[in-house]
Amino acid sequence: MSKGYRIQASTGIHRGDRDYQQDQVCLLNHTRHSSCMLAVLADGMGGRSGGRKASDQVMLTARQLFERYDPDTDDASALLRQIVEESHLVIKLTAVSAEQEPHSTIAAFLIDPDGESHWVHAGDSRVYHFRNGRMVFRTMDHSYVQTLVNQGELSEQEALDHPHANILMGCLGTENDPPVDLHVVPQLTPGDALMACSDGVWHYFTPEELASTIAMLSPREACEFLIQKARTRAKGAGDNLSIVIVKLEPLS
């Protein structure tokens, strides 16, 4: 990874107003390459046991595959694709013993030692890239309302309040193969920040609010603030919340 910055990172998770927690989030540092890390977030669905089993399988699969990953020789996008495909297969196999059919979203980003970042997502959990306090890019949800937004039939704001906002067009554990949307940031630089979060978080904020919060606060403070503010704005009807923030701070 190029010199000139240090990495700060944090995760946050809260049950919200639900009876149980189905979100999972982890931030993994590579055991053999200190400047290589993987952030993974999964929003499980399908009853108390089904959703949690699904998100558990995403975490377990990601840990196992990342442990074998070598940033000097392996393809980062291929690793992320493999995490999605293997998680999907294992979740389908667990459906037999689950209360309901287990499904899960995934949003993950990997930072390689050279400063390149690779992303993958399936479902409506998101990854954001901020640079110097402004949003540069975010993933596009695999959801019914995102399709309507893309077609010009809904605005982003209208999509938030649409009665079918929770309908997914693709995720892990369904009969169909999951979507595997990949994205690459060729070079992260000082002032950059990456965030992955579930819809229980992003639903309550504009991109500008997210960007300014992450720019002003440390990752730990930003995670705590965004979860607290999302819970307040949900007014007692909030989903599970999960978030991971990585910031590249200039060396002073």
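Arg 138 is buried, with a relative accessible area of 6%; buried here means under 20% relative accessible area, exposed means over 50%, and partly exposed lies in between (1.4 Å probe, protein chains only). Arg 138 forms a salt bridge with Glu 156, with 3.1 Å between the closest N and O atoms. The term salt bridge stands for a side-chain nitrogen of Lys or Arg within 4 Å of a carboxyl oxygen of Asp or Glu. This pair links distant parts of the chain, since Arg 138 sits in strand E8 and Glu 156 in helix H4 (residues 156-160), 18 residues apart. Helices (H or I, at least four residues) and strands (E, at least two) are DSSP runs, numbered from the N terminus. Glu 156 counts as partly exposed, at 40% relative accessibility.

A word on the model: it is predicted, and local features need pLDDT of at least 70, side-chain atom pairs count only at pLDDT 80 or more, while totals for chains, interfaces and linings use all residues. Residues are numbered from 1 along each chain as its sequence is written, and side-chain values use heavy atoms, with hydrogens and water left out.

**Salt bridges**

Side chains of opposite charge can pair when their charged atoms come close. The count of salt bridges comes to 11, and the table shows some of them.

| Pair | Closest N to O distance |
|---|---|
| Arg 138 and Glu 156 | 3.1 Å |
| Arg 220 and Glu 224 | 3.2 Å |

Asp 17 is partly exposed at 30%, and Arg 231 is partly exposed at 29%.

Why are Arg 220 and Glu 224 separated by about one helical turn? Because they are four residues apart in helix H7. Arg 220 is partly exposed at 47%, as is Glu 224 at 45%.

**A buried lysine**

Lys 247 belongs to strand E11 (residues 241-250) and is buried, with a relative accessible area of 8%. Its side chain reaches the backbone oxygen of Ala 215 at 3.5 Å. Beyond its neighbours within four places in sequence, Lys 247 is in contact (heavy atoms within 4.5 Å) with several residues, among them Arg 6, Gln 8, Asp 192 and Pro 219.

**Cysteines**

How many disulfides does a search of the whole structure find? Zero, where a disulfide is a pair of cysteine sulfur atoms within 2.5 Å. Cys 26 is in no disulfide, and its nearest cysteine sulfur, that of Cys 36, is 13 Å away. The sulfur of Cys 223 lies 9.8 Å from the closest cysteine sulfur, in Cys 197, which is too far for a bond. Cys 26 is buried at 4%, and Cys 223 is buried at 1%.

**Loops with positive phi**

Asn 132 has a phi near 50°, a positive value in a residue other than glycine. Asn 132 lies in the loop between strand E7 (126-131) and strand E8 (134-138) and is exposed, with a relative accessible area of 60%. Lys 235, also not a glycine, has a positive phi of about 55°. Its place is in the loop between helix H7 (219-234) and E11, where Lys 235 is exposed at 75%.

Terms used: Polar contact = N/O pair within 3.5 Å; in protein donor to acceptor, adjacent residues only side chain to side chain.
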